[in-house]
Amino acid sequence: MNRRHLLAAPALALGLSALGGAAFAQDPLKVGFIYIGPVGDHGWSYTHDLARRAVEEHFGDAVETSFVESVAYGADAERVMTQMALSGTDMIFATSFGYGPDMNAVAQRFPDVAFEHATGYIQEAPNVSLYNARFYEGRAVIGHIAGKMTETNTVGYIASFPIPEVVMGINSAYLHAKAVNPDVNFRVVWVYSWYDPAQEAAAAEALMEQGADILMQHTDSTAPVTIAQDRGIYAFGQASDMTSFAPESHLTAILDVWAPYYIERIQARIDGTWEAGNVWHGIEEGMVGFAALNDAIPEDVRAEAEDMIERIASGEYHPFTGPINRQDGTEWLAEGETAPDGDLLGMDFYVEGMSGSVPN
Amino acid sequence: MDLSSINPVVLAAALMVAATPILLAAIGELVAEKAGVLNLGVEGMMITGAVTGFAVAVMTRNPYLGMLAALCGGAAVSLIFALLTQVLMANQVASGLALTLFGLGFSALLGQGFVGIPPPRTPKMDLGFLSDLPVLGPILFRHDPMVYVSIALVAAVWYWLNHTRGGRILRAVGENHEAAHALGYRVRRVRILAIAFGGACAGLGGAYLSLIRVPQWTEGMTAGAGWIALALVVFASWRPWRALLGAYLFGGIIVLQLNLQAAGVRIPVEYLAMSPYLVTILVLVVMSSGRARKTLAAPGSLGRPFHATG
């Protein structure tokens, strides 16, 4: 065997493997999704699944998706992700805050799999990407509508867990309600669950008992809007359009629109240009949207709400623009200053005027 | 603490409503366990009842037909468990867990066409002058009929277990199935009937959630109520009236802490919100230790398979 042959053999092998690689590339890209709740919750997990279906529609045979619903944080999540990675999944979207530690642990063991984590903050592996939506922009708009429309000056707020995401939503809604109605008062009930219809219904009733005539929720079930419809008060839907559950009471809903981001990222993975990023998209990028405004909203309020949506989208207005003080009266943002993202993502305090306190 | 803004009358009334689904499921499970069957599938039977009850109520526009369907639905899935554990001698714990998983998935499938549809209303009872009584009226006499059905059921189960021949046979089967068998009682038949009764009650509890408590159907809407009902049976040491007390206690904690929060009372809500689940875990842990089971007066043959020989 001469030198030429020696060189040719590996070259041939290389050529074969390249061919094999090309053939392999025609296999569909496998994308896995992990949800915290059931896909039928009509809230958070439902919107992620809508986006998954949009992905299937968009890519056709080029992408194969799978999902696992109602996955608990911790050992369960780690097992599901490991299983997905082992069975050849190329890309995993885990769609809840608490999956962070599990995802990073799994990502370190599977460097060739692309991981995408919604609403997370932990990025300890080079293949973990973060994405989140600026829901506080939506909450500013519904806060404005609520401030204008409440007659008892009491707004009920059903909150899930005292994490920055939820606290910033409460603050955003409150600031904008107070801006148009200085007497407005927010009552917050923490249910310590993302999805528990019976508990959320009981919370809605407790808030009504305290005089609330408009409900907001940062939990995923449709129970609060259903109760509102039942009792003839107003409510805002969460994550998806919940009008069908409460045709008269549902003023609007803040929509989670994930499909464009998912399609963009999966395309990048197919093209081989995917790399870990960290985005926080809002109304402007279309990740935060609104359900149709109910006719019960007076014409002028509707115009103001639409105007606010436009100004936030164009970047002209930031919902957290100073002067804003913390609840204890100390200054948080000076006149004209806008909130840095870091402050918002670590928010653990109420703004001035809120009653009650953020639980530990 | 300013508690003046909480109306105790409204609170007491809300407590009864919050407790009813877990009470219904617990009383059914109590009967099954008294017969010596540990069915961990309560959650699965509840959610099946929730969806069948909802579907039938929507199609017939009659909530009571829905309740009836929920009874049948819950009993029907419980018969799967009965087949596995009583006929095929499968492990009860594993079969029960499987039933829960099956129920959650199956109900999601059945319920697909029913999301976002309002169910027909279940009217509140008007008990004439009783409903107009001050304080007592709103607390006790202005509920939907199912609240009273659940209390009547507790009384009936208590009477039946302690004062009738059938009840004594059922308890004998649960305490010592070998002896009951030697006396000529049909252990397997008694157990299958007890399982079906448990399933029917759980189904009714589920339908209470989907037709009255929340009124809507969404996947997984029982959200752990079945597990609380299971713990409640042990908490009540297998006595019907204690189950009622326990259910109202659990319901009371849930409603009270939400109302305290809404009223702006500064309380450590995280602990109160956790408490029903902590008690549940504690009770389940205690239940799994042999010695504690004895002191709690658990039925002697609870969870043990029975196979008639000779």
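This report walks through a predicted model with chains A and B, from the overall build of chain A to single residues.

## How to read the model

Because this is a predicted model, local features need pLDDT of at least 70 and side-chain atom pairs count only at pLDDT 80 or more, while totals for chains, interfaces and linings use all residues. Residues are numbered from 1 along each chain as its sequence is written, and chains are lettered from A and ligands numbered from 1 in the order in which they are written.

## Chain A as a whole

Let's start with the overall build. Chain A holds eleven helices and 14 strands; helices (H or I, at least four residues) and strands (E, at least two) are DSSP runs, numbered from the N terminus. Along the principal axes, the C-alpha atoms of chain A fill a box of roughly 95 × 45 × 40 Å.

Of the 360 residues in chain A, 49% are buried. A residue is buried if 20 or more other C-beta atoms lie within 10 Å of its own, exposed if 12 or fewer, and partly exposed in between, with C-beta atoms placed from the backbone. Two residues are in contact if their C-beta atoms, placed from the backbone, lie within 7 Å. Taking contacts in chain A between residues at least 6 apart in sequence, 63% join residues at least 24 apart.

## Where chain A meets chain B

The contact between the chains draws 33 residues from chain A and 32 residues from chain B. On the chain A side, β7 (185-190), α7 (197-209) and α8 (223-231) each supply at least two residues. The most comes from α7(A), with ten residues. By class, the chain A side has 16 nonpolar, twelve polar and five charged residues. Here Ala, Val, Leu, Ile, Met, Phe, Trp, Tyr, Cys and Pro count as nonpolar, Asp, Glu, Lys and Arg as charged, and the others, Gly among them, as polar.

How many of the 13 residues of α7(A) are buried? The count is 13 of the 13, so α7(A) is largely enclosed by the rest of the structure. The end C-alpha atoms of α7(A) are 18 Å apart, which agrees with the 18 Å that its 13 residues should span at 1.5 Å a residue. The expected span is 1.5 Å times one less than the number of residues in the helix. Just after α7(A), A:G211 takes a positive phi of about 95°.

## Helix α2 of chain A

Helix α2(A) covers residues 44-59, and its 16 residues reach 23 Å from first C-alpha to last, close to the 22 Å expected. Its buried residues are A:W44, A:S45, A:Y46, A:T47, A:H48, A:D49, A:A51, A:R52 and A:V55. They pack against β1 (29-34), β2 (63-68), β9 (234-239), β10 (250-256) and α9 (259-271) of chain A. Just after α2(A), A:G60 has a positive phi of about 60°.

Helix α1(B) (residues 8-34) and helix α12(B) (residues 240-262) have axes that come within 7 Å and cross at roughly 140°. Axes are lines fitted to C-alpha atoms, for helices over the stretch in contact, and angles run from 0 to 180 degrees between N-to-C directions. The two helices are therefore oblique to each other; angles under 35 degrees count as roughly parallel, over 145 as roughly antiparallel, 65 to 115 as roughly perpendicular and the rest as oblique. The contact of α1(B) with α12(B) has 19 nonpolar, three polar and no charged residues.

The axes of α1(B) and helix α11(B) (residues 225-235) come within 8 Å and cross at roughly 50°, which makes α1(B) oblique to α11(B). On α1(B), the contact includes B:P21, B:I22 and B:E29, and on α11(B) the partners include B:A225, B:I228 and B:V233. This contact divides into eleven nonpolar, one polar and two charged residues.

## Backbone details worth a look

A cis peptide bond joins A:G322 and A:P323, with omega about 5°. A:P323 lies in the loop between α10 (299-313) and β13 (324-325) of chain A.

A:S70 is not a glycine, yet it has a positive phi of about 50°. With 17 C-beta neighbours inside 10 Å, A:S70 counts as partly exposed. In chain B, B:S237 has a positive phi near 40° and sits in the loop between α11 and α12.
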